[in-house]
Amino acid sequence: MIGGAELGGTKCVLAVGNSPLEILDRCTVPTSDPVSTFEKIHNFFSSYQLDSLGVGSFGPIILDRKSVDYGMIYSESKKGWKGINICQMFKDKLKFDIAIDTDVNVAGLGEFQYGAGKYSNNLVYLTIGTGIGGGLLVNGKIHHGIFHLEMGHIPMPNPESFDSVCRVHDNCWDGLASGPALELRYGMAPSDMVESHMGWDEEAKLIALGVISIIANHSPEKIIIGGGVMRQKHLYSKIKKHVLNLWNDYTPIINIDDLIVEPKLGNDSGIIGSMILGNSGSASI
Ligand SMILES: [Zn+2]
């Protein structure tokens, strides 16, 4: 039996199954402090005899297997979690190796195997929600550099001097275009902003600017955009319009509707991807 755990900043999704597409049980627990969060996680998994477990975690997290700090949260991206070793927290109770990667990398893996990225060897999975993050697959494999990618922190032009919600940057993608950034700017949650709200065009432009960086740097076959903010479906066409305008046909974008797409696995890209990672038994498939 395979286990999967998707650790997010607000909640953790946990699942067990015979295969990534055959989930037998699942639950969601809130992400609070590390000790009580892992108590709930172990509670769920303790009822099952697992053979392997894959974890997609928020970061920044050390993924270099040779490092003594492999699996450790590097920054205070969530209060109280800096220095927490996710692998160790699992291993305290589980007696087999776990595979771990970032939440967006495993979501990309899920979409590559079973979703919108099927048959696309080079793809980017983006989430625009409580934060912005992106995972890259090259030749069907998750790409790691010396550290994992942090697409959400691409610098952004900010001529209107919008306030940033990023703890470390005044003008980054996450700081200006994530859900909390919209909430700060317009005084309401993105889910409460009606389609005609004047903020959406600005938001689509900011998202498009980051997408342009991705196209310029990676030229992926697919850019799969998920996350809470993207539940506003009208954003997809607005983003595509801005991408076409900004890129100005410098290289051909043959079919924008084929390039920028919604996740096919909906909210399950991450948990399914975690189980694929667990099934592979390797953090670097
Ligand atoms: Zn930032």
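Guide: Both faces of strand E6 are covered, with Leu-123, Tyr-125 and Thr-127 buried on one side and Val-124, Leu-126 and Ile-128 buried on the other. In a regular strand, side chains alternate between the two faces of the sheet. A residue is called buried if 20 or more other C-beta atoms lie within 10 Å of its own, exposed if 12 or fewer do, and partly exposed in between, with C-beta atoms placed from the backbone. Strands (E, at least two residues) and helices (H or I, at least four) are DSSP runs, numbered from the N terminus.

This is a predicted model: local features need pLDDT of at least 70, side-chain atom pairs count only at pLDDT 80 or more, and totals for chains, interfaces and linings use all residues. Residues are numbered from 1 along each chain as its sequence is written.

Let us turn to the partners of this strand. Two strands pair if DSSP finds at least two bridges between them. E6 is joined by 6 bridges to strand E7 (residues 132–138), and these two strands run antiparallel. A hairpin of 3 residues links E6 to E7, and Thr-127 has Gly-133 in E7 as its bridge partner. E6 is also joined to strand E9 (residues 222–226) by 5 bridges, and here the strands run parallel. In this pairing, Val-124 stands opposite Ile-223 in E9.
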